[in-house]
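Look over the sequence and the structure, then read on.

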Amino acid sequence: MRWSVGAGVCAAIGCGVVQGGTITLQCDKDATLYETATGNLANGSGEYLFAGKTNTAGLRRALLHFNLGTSIPAGATINSATLTLHLSKTASDFQPAPLHRMLNQWSEGPSNPNGNEGQGTVSLTGDVTWIHRTYSSVLWATPGGEFVSNPSAIGSVGFENIAYSWSSPGMAADVAAWLANPSTNFGWVLMGNETFDGGAKRFDSRSGPSANRPTLTIVYTPAPVGDVTGDGIVNIDDLTAVILNWGNCPVSQPCGADLTHDGVVNIDDLSAVILSWSA
């Protein structure tokens with residue numbers, strides 16, 4: 001029997017053609033932690049986020065979370081991740097701004113301070129605070145939030161009315177880990193210079209002007225078409241997976257080996273693996 005389906009299969013599903021993709025996500029929750037011993041101050045729904053140390057009121061830390069959803073295909077390689085924030089007010093020049101991966105869940109909350117928002121407002125049920133993951137029932141193990149001690153990226157932010165970006169291999173690794181295990185996606189915490197009085201920075205939040213809201217831009221490369229096992233290469237493991245799944249796919253449990261998405265694992269899928277072979 002001659003295999004005459006290969007060219008047609010690859011014309012239909014793009015065997016061997018791996019095109020990169022870019023997606024820009026809006027922040028789906030954010031909040032500021034205001035340093036207090038009792039967790040009585042919060043800002044979950046205001047227009048601004050704060051990071052750094054004030055002259056008189058202590059530390060501020062900004063929490064940010066992005067829902068990655070299903071827009072990035074399974075098995076994709078994350079090439080880069082870039083966080084962009086708009087700095088709307090500052091009283092200092094350039095200061096370091098490290099970004100750390102969060103280690104526990106937190107809730108955004110309804111609190112919404114008036115005016116500049118720098119002093120926060122009275123914490124409400126469901127807010128995240130300096131000592132609460134969820135006010136007033138769930139505490140952080142460590143006041144100020146639970147996060148990885150080594151930053152995923154370190155930015156430098158200076159003057160107001162400018163958008164600043166953070167991007168690093170560490171951030172790309174964070175996104176890749178969240179895609180592989182969505183239940184570990186607790187977002188990042190942005191910290192300013194916590195040793196410099198008056199160095200706190202104010203950024204626009206997701207409730208601020210639409211053009212200035214936090215965004216996360218992810219550049220990725222999809223897995224090769226014939227990568228049934230999702231390890232980034234097409235090899236004997238993928239060929240074996242097709243053979244072991246040969247036949248009809250149950251409607252209730254679609255087969256990953258059905259590369260042509262026609263409800264059956266057959267010669268077309270075998271051709272797709274062979275023509276996408278990479279190792």
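Pro110 sits in the loop between β7 and β8. The model shown is predicted. With a relative accessible area of 43%, Pro110 is partly exposed.

Which residues does Pro110 touch, leaving aside those up to four places away in sequence? They are Ser45, Leu124, Thr125, Gly126 and Asp127. Ser45 is 65 residues from Pro110 along the chain, yet their C-alpha atoms are separated by 5.4 Å.

## Salt bridges

The count of salt bridges comes to four. Among them is the pair Glu108 and Arg206, whose side chains meet at 2.7 Å, N to O. Glu108 lies in the loop between β7 and β8 and Arg206 in the loop between β14 and β15, so this pair ties together parts 98 residues apart in sequence. Glu108 is buried, with a relative accessible area of 16%. Arg206 is partly exposed, at 30%.

Lys53 pairs with Asp197 in another salt bridge, and their closest N and O atoms are 3.1 Å apart. Lys53 belongs to strand β4 (residues 48–53), while Asp197 lies in the loop between β13 and β14 (201–204), so parts 144 residues apart in sequence are tied together. Lys53 is partly exposed, with a relative accessible area of 25%. Asp197 counts as partly exposed too, at 43% relative accessibility.

Arg61 forms a salt bridge with Glu194, with the closest N and O atoms 2.8 Å apart. This pair links distant parts of the chain: Arg61 is in strand β5 (residues 59–65), and Glu194 is in the loop between β13 and β14, 133 residues apart. Arg61 has 9% relative accessibility, so Arg61 counts as buried.

## Helix α2

Helix α2 has twelve residues, 169–180. At 1.5 Å a residue they should span 16 Å, and the end C-alpha atoms are 16 Å apart, which agrees.

Which residues of α2 are buried? They are Met171, Ala172, Asp174, Val175 and Trp178. These residues cover an arc of only 155° around the axis, so they lie on the same side of α2. Pro169 and Ala180, on the other side of α2, are exposed. The cover over the buried residues includes strands β6 (77–90), β7 (95–101) and β11 (153–157). It also includes β12 (162–167), β13 (188–191) and β15 (215–221).

## A nonpolar patch

Phe94, Phe159 and Ile162 make a nonpolar surface patch of about 280 Å². Phe159 is in the loop between β11 and β12. At 45% relative accessibility, Phe159 counts as partly exposed.

## Backbone exceptions

Most residues other than glycine have a negative phi, and most peptide bonds are trans.

Glu117 is not a glycine, yet has a positive phi of about 75°. Glu117 lies in the loop between β7 and β8 (121–122). Is Glu117 buried or exposed? At 5% relative accessibility, Glu117 counts as buried.

Asn161 also has a positive phi, near 60°. Its loop runs between β11 and β12. Asn161 counts as exposed, at 57% relative accessibility.

The peptide bond from Tyr135 to Ser136 is cis, with omega near 0°. Ser136 is in the loop between β9 (132–134) and β10 (138–139).

Notes
Residues numbered from 1 in each chain as written. Predicted model: local features only at pLDDT ≥ 70, side-chain atom pairs only at ≥ 80, totals over all residues. Heavy atoms only, no water. Helix = DSSP H or I, 4+ residues; strand = E, 2+ residues; numbered from the N terminus. Expected span 1.5 Å × (residues − 1). Buried < 20%, exposed > 50% of the residue type's maximum accessible area, 1.4 Å probe, protein only. Arc of directions from axis to C-beta. Contact = heavy atoms within 4.5 Å. Patch = residues over 30% accessible without salt bridge, like charges linked within 9 Å, V, L, I, M, F, W, Y side chains within 5 Å. Areas by Shrake-Rupley, 256 points an atom, 1.4 Å probe, with all protein chains shown as cover.
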